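Good morning, colleagues. Please look at the chain on the screen while I describe its fold and its packing.

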Amino acid sequence: MSILAIDWGERRLGFAVSPDGRWAFPLRTYDVRSFPQAIAVIQSVVAEEKAERIILGLPLGLAGKDTPQTSRVREVAADLANVCAVPVELVDERMTSARAQRDLRAAEKHAVPDDAYAAVAILQTFLDKRA
């Protein structure tokens, strides 16, 4: 069962995958110019990875409250569930970018952009909570 995570941004999407439901691995980052293009990219990656579930980072404020971006991501999640025909779950992504940058510095893996590592942090959070 492949699980796909997305670090959603209006201009860039970071992807990570868990082929075994235990460990998350970075895939890639895509620059996008429009919402339809973002949806098309996601559909393509879902098909390519044979994803059975999508985990989408939910950008809550530091106090855990919704922000304007939180509402937008909730709408994206609903759209993805309809278009991709796989379950979509939201995971609190607070501090994932900081974690991703820390992990990149520690591992010195600069070949994969920060957004893909943020997606890894989102997905690993989901996987750890399930275990």
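I begin with a definition: a residue is called buried when its relative accessible area is under 20%, exposed when that area is over 50%, and partly exposed in between, using a 1.4 Å probe and protein chains only. Please note that this is a predicted model, in which local features need pLDDT of at least 70 and side-chain atom pairs count only at pLDDT 80 or more, while totals for chains, interfaces and linings use all residues. Residues are numbered from 1 along each chain as its sequence is written, and side-chain values use heavy atoms, with hydrogens and water left out.

Of the 131 residues in the chain, 45% are buried. There are four helices and five strands, where helices (H or I, at least four residues) and strands (E, at least two) are DSSP runs numbered from the N terminus. Their order from the N terminus is β-β-β-α-β-α-β-α-α.

Let me turn to helix H4, residues 114-130. Its 17 residues span 25 Å from first C-alpha to last, close to the expected 24 Å; the expected value is 1.5 Å times one less than the number of residues. How much of H4 is covered? Twelve of its 17 residues are buried, among them Asp115, Tyr117, Gln124 and Phe126.

Next, the interior. A nonpolar core here is a set of buried Ala, Val, Leu, Ile, Met, Phe, Trp, Tyr and Cys residues joined through side-chain atoms within 4.5 Å. The largest such core has 23 residues, and those with the most contacts inside it are Ile6, Trp8, Leu13, Phe15, Ile42, Leu56 and Leu80. Strands E1, E2 and E4 and helices H1 and H2 each give two or more residues to this core, and H1 gives the most, with six.

With contact meaning heavy atoms within 4.5 Å, and residues up to four places away in sequence not counted, Leu13 touches Ile6, Asp7, Trp8, Arg28, Thr29, Tyr30, Val32, Ala38, Val41 and Ile42. For the chain, among contacts between residues at least 6 apart in sequence, 60% join residues at least 24 apart.

Finally, strand pairing, for which DSSP must find at least two bridges between two strands. E4 and E5 pair in the parallel sense over five bridges, and Leu58 stands opposite Asp92 in E5.
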